[in-house]
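Before the dialogue begins, please have the sequence and the coordinates open side by side.

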Amino acid sequence: MLEDRKPDRGFVEIDGEECKGCGLCVEACVPRVLRLAESLNRYGYHPAVYDGHGCNGCGLCFFVCPEPGAIRVFKLAAPERGARPEAALAAV
Ligand code: SF4
Ligand code: SF4
């Protein structure tokens, strides 16, 4: 149920044209929120895609990726008690 889901602690942006579809990020992601697309990019690779929710901001996908600029991770700051859930972003 969506209501039971913990708030995301981060999110990722993937440049599908820089990704070589090696799948290392998919294997490294513990919450399993990355996958390889069925479509091909212009180089003929199946790029990684983010499901859009569930990222914990751990950064593992960024550190295992051999392609500079293919994946960026943003951490969401934990909201202060009683504060609204909007969060400041910091790139890993
Ligand atoms: S930062 Fe961590 S949880 Fe988020 S997509 Fe990357 S490996 Fe998965
Ligand atoms: S590790 Fe990098 S190059 Fe490999 S699939 Fe993930 S984003 Fe693409």
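**Reading ligand shells and a buried core**

Q: How is the shell around ligand 2 divided by class?
A: In this predicted model, the shell around ligand 2 holds ten nonpolar, two polar and two charged residues. There are 14 residues around this ligand, and C19, C22, C25, A48 and C65 are the closest of them.

Q: Which residues come nearest to ligand 1, and how does its shell divide by class?
A: Among the 15 residues around ligand 1, the nearest are C29, C55, C58, L60 and C61. By class, this shell has eleven nonpolar and four polar residues, with no charged ones. As for secondary structure, β1 (10-14) and α2 (60-64) each contribute at least two residues to the shell around ligand 1.

Q: Is C55 buried or exposed?
A: A residue counts as buried if 20 or more other C-beta atoms lie within 10 Å of its own. C55 has 23 other C-beta atoms within 10 Å, and is therefore buried. C55 sits in the loop between β3 (48-50) and α2, and, leaving out residues up to four places away in sequence, C55 touches D8, R9, G10, F11, V12, V33 and Y50. The C-alpha atoms of C55 and K75 are 9.1 Å apart, although 20 residues separate the two along the chain.

Q: Which residues make up the largest nonpolar core?
A: The largest nonpolar core has twelve residues, namely V12, C19, C25, C29, L34, A48, C55, C61, C65, A70, I71 and V73.

Q: What is C19 in contact with, leaving aside its neighbours within four places in sequence?
A: With those neighbours set aside, the contacts of C19 are I14, N41, Y45, P47, A48, E67 and A70.

Methods:
Residues are numbered from 1 along each chain as its sequence is written. Chains are lettered from A and ligands numbered from 1 in the order in which they are written. This is a predicted model: local features need pLDDT of at least 70, side-chain atom pairs count only at pLDDT 80 or more; totals for chains, interfaces and linings use all residues. A residue is near a molecule or strand if its C-beta atom, placed from the backbone, lies within 6 Å of it. Ala, Val, Leu, Ile, Met, Phe, Trp, Tyr, Cys and Pro count as nonpolar, Asp, Glu, Lys and Arg as charged, and the others, Gly among them, as polar. Helices (H or I, at least four residues) and strands (E, at least two) are DSSP runs, numbered from the N terminus. A nonpolar core is a set of buried Ala, Val, Leu, Ile, Met, Phe, Trp, Tyr and Cys residues joined through C-beta atoms within 7 Å. Two residues are in contact if their C-beta atoms, placed from the backbone, lie within 7 Å.
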